[in-house]
Amino acid sequence: MAVSRFFIISLLCFFLLSPLLKTAFREIEKPIIVIAVDNSSSIHYSDTIKYPLRKYKEDLNQLRESLTKDFDVRFVGFGNGIFENPDLKFNDKASDYSELINDLELKYSGRNLGAIIVAGDGIYNNGSNPVYAAEKLRIPFYTIALGDTT
């Protein structure tokens, strides 16, 4: 009887003192690569015979497929808004690079964001200068420049 009372009281004290149980979860995820494509109508002006928009879309899909093996690739279109897996029609009226960067900062903060690849002509109609907005993320930015070479 004394032994059972000792175990019961010891067990109650153990649970009342709420022991700190440490559990560590380790989740390994691939680095995230974001391919952001300018979906504005100014991209139509870069459509030339040497490099038509059809070929540009094919090259973007090929880039995405080649990176998928080693990275978690997210495909994003931006213009009047930010769209995941966009249907690129290049018909938006404006480009807002700073909105893109702010959106990516919100979505991927605390995640394993490896790099951002931005494909666009560099013309931003809305928002602040993308150079200053990009300093907040502190990750590599790579660009695919389109349009006039001047």
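1. Two strands pair if DSSP finds at least two bridges between them. Helices (H or I, at least four residues) and strands (E, at least two) are DSSP runs, numbered from the N terminus. On those terms, strand β4, residues 113-120, pairs with β5 in the parallel sense over five bridges. Within this pairing, Ile144 in β5 is the bridge partner of Ala119.

2. Some ground rules come next. This is a predicted model, in which local features need pLDDT of at least 70 and side-chain atom pairs count only at pLDDT 80 or more, while totals for chains, interfaces and linings use all residues. Residues are numbered from 1 along each chain as its sequence is written, and side-chain values use heavy atoms, with hydrogens and water left out.

3. The overall plan is as follows. The chain has four helices and five strands. Along the sequence they follow the pattern α-β-α-β-β-α-β-α-β. Buried residues (under 20% relative accessible area; exposed means over 50%, partly exposed in between; 1.4 Å probe, protein chains only) make up 34% of the 150 residues. The chain exposes about 10400 Å² (Shrake-Rupley method, 1.4 Å probe). Carbon and sulfur atoms supply 58% of that area.

4. Contact means heavy atoms within 4.5 Å. Take the contacts in the chain with a separation of 6 or more: residues 24 or more positions apart account for 76% of them.

5. Now the sheet. It is open, has five strands and mixed pairing, and its order is β3-β2-β1-β4-β5. β3 (82-84) and β5 (141-145) stand at the edges. Each has a single partner strand, so one side of each is left without a neighbour in the sheet.

6. Look next at β1. The strand is mostly covered, with seven of its seven residues buried. In a regular strand the side chains alternate between the two faces of the sheet. Ile32, Val34, Ala36 and Asp38 point one way from β1, and Ile33, Ile35 and Val37 point the other way. β1 pairs with β2 in the parallel sense over seven bridges. Six bridges join β1 to β4, and these two also run parallel. Val34 stands opposite Arg74 in β2 and opposite Ile116 in β4. Ile33 stands opposite Val73 in β2.

7. β2 is largely enclosed by the rest of the structure, because five of its seven residues are buried. β2 and β3 run antiparallel, joined by three bridges. They form a hairpin with three residues between them. Phe78 stands opposite Ile82 in β3.

8. Aromatic rings deserve a check. Rings of Phe, Tyr and Trp (its six-membered ring) pair if their centres lie within 6.5 Å; planes under 30 degrees apart count as stacked, over 60 as edge-to-face and the rest as tilted. A search of the whole structure finds two such pairs. One of them joins Phe78 and Tyr97, edge-to-face, at 4.9 Å centre to centre and 70° between the planes. This pair links distant parts of the chain: Phe78 is in strand β2 and Tyr97 in helix α3 (residues 97-108), 19 residues apart. Both Phe78 and Tyr97 are buried.

9. There is also a charge over a ring (NZ of Lys or CZ of Arg within 6 Å of the ring centre and within 35 degrees of the ring normal). Arg64 lies over the face of Phe75, at 4.2 Å from the ring centre.

10. Two loop asparagines are worth a look. Asn39 is found in the loop between β1 and α2. Asn39 is buried, with a relative accessible area of 6%. Not counting residues up to four places away in sequence, Asn39 touches Phe78, Asp87, Leu88, Lys89, Phe90, Asn91 and Asp92.

11. Asn85 is found in the loop between β3 and α3. Asn85 is exposed, with a relative accessible area of 55%. Most residues other than glycine have a negative phi. Asn85 is not a glycine, yet its phi is positive, at about 45°.
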